[in-house]
Amino acid sequence: MKIHEFQAKAILAEAGVPIPRGRVAASPAEARAVAQELGGPVVVKAQIHAGGRGKGGGVKLAQTPDEAEQVASRILGMMLRTHQTGPEGQRVKRVLVEEAMGIRRELYLGIVIDRAAGLPVLMASAAGGMDIEEVARTRPDAIVKAHVDPATGIRGFHARKLAFGLGLQGDHVKAAADLVTRLYAAFEGKDCSLAEVNPLVVAEDGRLLALDAKMNFDDNALFRHAELQALRDLDEESPLEVEASKYSLNYIKLDGNVGCMVNGAGLAMATMDIIKLAGGQPANFLDVGGGASAEQIENAFRILISDPLVKAVLINIFGGILRCDRLAEGVIKAVRNLHVTLPIVIRMEGTNVELGQQMLRESGLNFIAAQGMRDAAAKAVRAARAA
Amino acid sequence: MSILVDRTTRLVVQGLTGREGTFHALACRDYGTRVVAGVTPGKGGLVHEGIPVFDTVAAAVAKEGANTSLIFVPPAAAADAILEAADAGIGVIVCVTEGIPTLDMVRAHRALQGRPCRLIGPNCPGLISPGKAKVGIMPARIHRPGRVGVVSRSGTLTYEAVGQLTERGIGQSTCLGIGGDPIIGTTFVDALRLFAADAETDAILMIGEIGGAAEEEAAAFVKAHVTKPVVGFICGQTAPPGRRMGHAGAIISGGSGTATEKMGAMRQAGIAVVKSPAEMGEAVARLLAVGTRAVASPANTRIPKKRPTVKASVSRETSSRMGTRPARGAAKAGAPGKKQTSRGTKRRG
């Protein structure tokens, strides 16, 4: 799960990580009031989940409260387009108004899980403000890393390694080590999958501050963090994906026209791949899971076809524990109840496949039967083209 | 021989009395696996579907000589169940549970280092050595005893691959799902090492997916250490970056973990990579017929080891018993007990 910058900063502040003074605002008048309160020049930052906000025009400097109000009125409500939002952009509902400051140095600090090592890894780089993946590709030696063993937790030497690695001196070493330790505590305490401060800055006045912050959380651990669940912003997610999550369906909208419904994530990805190889484009990823009920299949079907781009549907089920007759029952019900007229290609394999196929044949509905994945993909792509 | 599970397997099912636990324990037993015990804390002393239930894994080991564990415990308690199995001296720990918090797995994974046990999964279908033992949730009847090792991060896609092999008369030595999570016990490299050393495995089918770098590491291992032919497929070639495709581990982040990178690394290692999931079985058949590893790259000059042809292996193996052991006295001695949910352990279709 992702959250906004202002929410991440609130979590950091609670953990004792220094952040700039500021507050979130939902209206130009409110932005003006915050600027007034802060005194001096402020930065007005659009709050959307996607990165690249500055380049997209979502971050502006304002010298006076008047100017802060003007800038906020331009940013609030805009469809902000960045390299991460897609072409339609994301609507800005809130801005973060913060004190502006002179900056001496921009650094990078982040924590992720290193899958190969099976451990959290702290990363720091003197090349702050830049895309860390870009730095990792072009100058991997510019990143200082330290793995944290959960048996000991973060220790002083981890933090010092990063602080000295950043080329900090004097009081800043201690301040940075303290900040790293606190960031790690937040990462661990909140079950983050990512905690990133980019940039971490040394301000003109000597302060060390988290100028920007990003936190992603492990969805599997949300059950033990009610406080984080409350931070979810449904407006940042695709409406169909939100709907799917209500039925524990794994749905991701894509932009092709062949809708697919599959059991199992790997098979679902492979089905998308074979649609592409057959010359078509998948409209979505949809994993109905292993133990889907007829009702869940009906819901999955409804979500799938509410995407207006979908011209044909491919159902690919390798039934083991999910029986083909149960699948057929769900699909027949869905097609009847929802009055679906789209062509539907069904490939079923496994438990009770004969019974399932018989049910489909005898339903009087116009299903297209397929043998194997290749045949199924070819038929679905052809049907989508003809539609 | 096969790997990890066979007729010597004595299985304890952790979470036996839950819905999934019961269903799959019985399916394993029906296949011929010796399911010697179940563990559900607080239900020790019961006999559930003819299987003795214990409060702890340690008791199941002491009383029934369990050496392998299959875990159907809800996500919040699953890491604990893994550690309990390791502490009790279980050698092969298979965790089916999906949705375990990553940091729980970080701690468990770290705690298992240096212990004489092997974790498979979590978030995996388990493993099967056809004709010998099934320790997992895969549909038994699509498998056939034989000499191809299958290793995969996925569940149903593995069934698809196995189905394609069996359809062509190609049997399997062991089929192993290593799981779709970011942190897993047994990796591709571990599985490849076991298959490479297994005298009854002639070829290996490896099914990877986007995210992480495990497939690249596997490719490097194959290049350096594996002379048996290897066929590979990577799913997620059309997956958009930054989105988690169902499996927690299946995400392209920061431009790395793409299918293209992985397929490239695998081809370079001499693995016969197929682009289409419909070609996995064909590719294995082709490779076994030719008997070299790198059909896809004729430039590879490595001399393959001598190995039996497909025909020989099939005729030798088809005679072996497959899942015909009678389910032993399914005496309903113990009440199944209160209905217990094990949310998050899934029944893969």
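In this predicted model, helix H5(B) and helix H9 (residues 280-290) of chain B pack at an angle of about 45°, with their axes 8 Å apart. Angles under 35 degrees would count as roughly parallel and those of 65 to 115 as roughly perpendicular; H5(B) and H9(B) are therefore oblique to each other. Their crossing is right-handed. On the side of H5(B), the contact is made by B:Ala161, B:Gln164, B:Leu165 and B:Glu167, while H9(B) contributes B:Met280, B:Gly281 and B:Val284. Sorted by class, the residues of this contact of H5(B) with H9(B) are four nonpolar, two polar and one charged.

Helix H6 (residues 188-197) and helix H7 (residues 214-225) of chain B meet at an angle of about 30°, and their axes lie 8 Å apart. Since angles under 35 degrees count as roughly parallel, H6(B) and H7(B) are therefore classed as roughly parallel to each other. H6(B) passes H7(B) in a right-handed crossing. From H6(B), the residues B:Phe188, B:Val189, B:Leu192 and B:Ala196 take part; from H7(B), they meet B:Ala214, B:Glu215, B:Glu217, B:Ala218, B:Phe221, B:Val222 and B:His225. The contact of H6(B) with H7(B) divides into eight nonpolar residues, one polar residue and two charged residues.

H3(B) consists of 13 residues and reaches 19 Å from its first C-alpha to its last, which is close to the 18 Å expected at 1.5 Å a residue. Its buried residues are B:Pro75, B:Ala78, B:Ala79, B:Ala81, B:Ile82, B:Glu84, B:Ala85 and B:Ala86. These buried residues of H3(B) pack against several elements of chain B: strand S1 (10-14), helix H2 (57-64), strand S5 (68-71), strand S6 (92-95), H4 and strand S7 (118-120). Just after H3(B), B:Gly89 takes a positive phi of about 90°.

Most residues other than glycine have a negative phi, and most peptide bonds are trans. Against that background, phi of B:Leu4 is near 70°, a positive value in a residue other than glycine. B:Leu4 lies in the segment before S1 of chain B. A residue counts as buried if 20 or more other C-beta atoms lie within 10 Å of its own; B:Leu4 has 21 other C-beta atoms within 10 Å and is therefore buried.

B:Asn123 likewise has a positive phi, of about 55°, although it is not a glycine. Its place is in the loop between S7 and S8 of chain B. B:Asn123 counts as buried because it has 31 C-beta neighbours inside 10 Å. The loop between S7 and strand S8 (126-129) of chain B is also the place of B:Pro122. A cis peptide bond joins B:Gly121 and B:Pro122, with omega about 10°. In chain A, a cis peptide bond joins A:Asn198 and A:Pro199, and omega is about 10° there. A:Pro199 lies in strand S10 (residues 192-203) of chain A.

The description now turns to chain A as a whole. The secondary structure of chain A comes to 13 helices and 18 strands. Along its principal axes, the C-alpha trace of chain A spans about 80 × 50 × 40 Å. Chain A has 387 residues, of which 49% count as buried. Among the contacts in chain A between residues at least 6 apart in sequence, 68% join residues at least 24 apart.

Finally, the two chains touch each other. The contact takes 50 residues from chain B and 51 residues from chain A. On the side of chain B that touches chain A, helix H3 (75-87), helix H4 (102-112) and helix H5 (156-167) each supply at least two residues. The largest share of this side of chain B, six residues, comes from H4(B). By class, the side of chain B that touches chain A has 22 nonpolar, 18 polar and ten charged residues.

Notes
Residues are numbered from 1 along each chain as its sequence is written. Chains are lettered from A and ligands numbered from 1 in the order in which they are written. This is a predicted model: local features need pLDDT of at least 70, side-chain atom pairs count only at pLDDT 80 or more; totals for chains, interfaces and linings use all residues. Two residues are in contact if their C-beta atoms, placed from the backbone, lie within 7 Å. Helices (H or I, at least four residues) and strands (E, at least two) are DSSP runs, numbered from the N terminus. Ala, Val, Leu, Ile, Met, Phe, Trp, Tyr, Cys and Pro count as nonpolar, Asp, Glu, Lys and Arg as charged, and the others, Gly among them, as polar. A residue is buried if 20 or more other C-beta atoms lie within 10 Å of its own, exposed if 12 or fewer, and partly exposed in between; C-beta atoms are placed from the backbone. The expected span of a helix is 1.5 Å times one less than its number of residues. Axes are lines fitted to C-alpha atoms, for helices over the stretch in contact, and angles run from 0 to 180 degrees between N-to-C directions. Angles under 35 degrees count as roughly parallel, over 145 as roughly antiparallel, 65 to 115 as roughly perpendicular and the rest as oblique. A crossing is left-handed if the near helix is turned anticlockwise from the far one by less than a right angle, and right-handed if clockwise.
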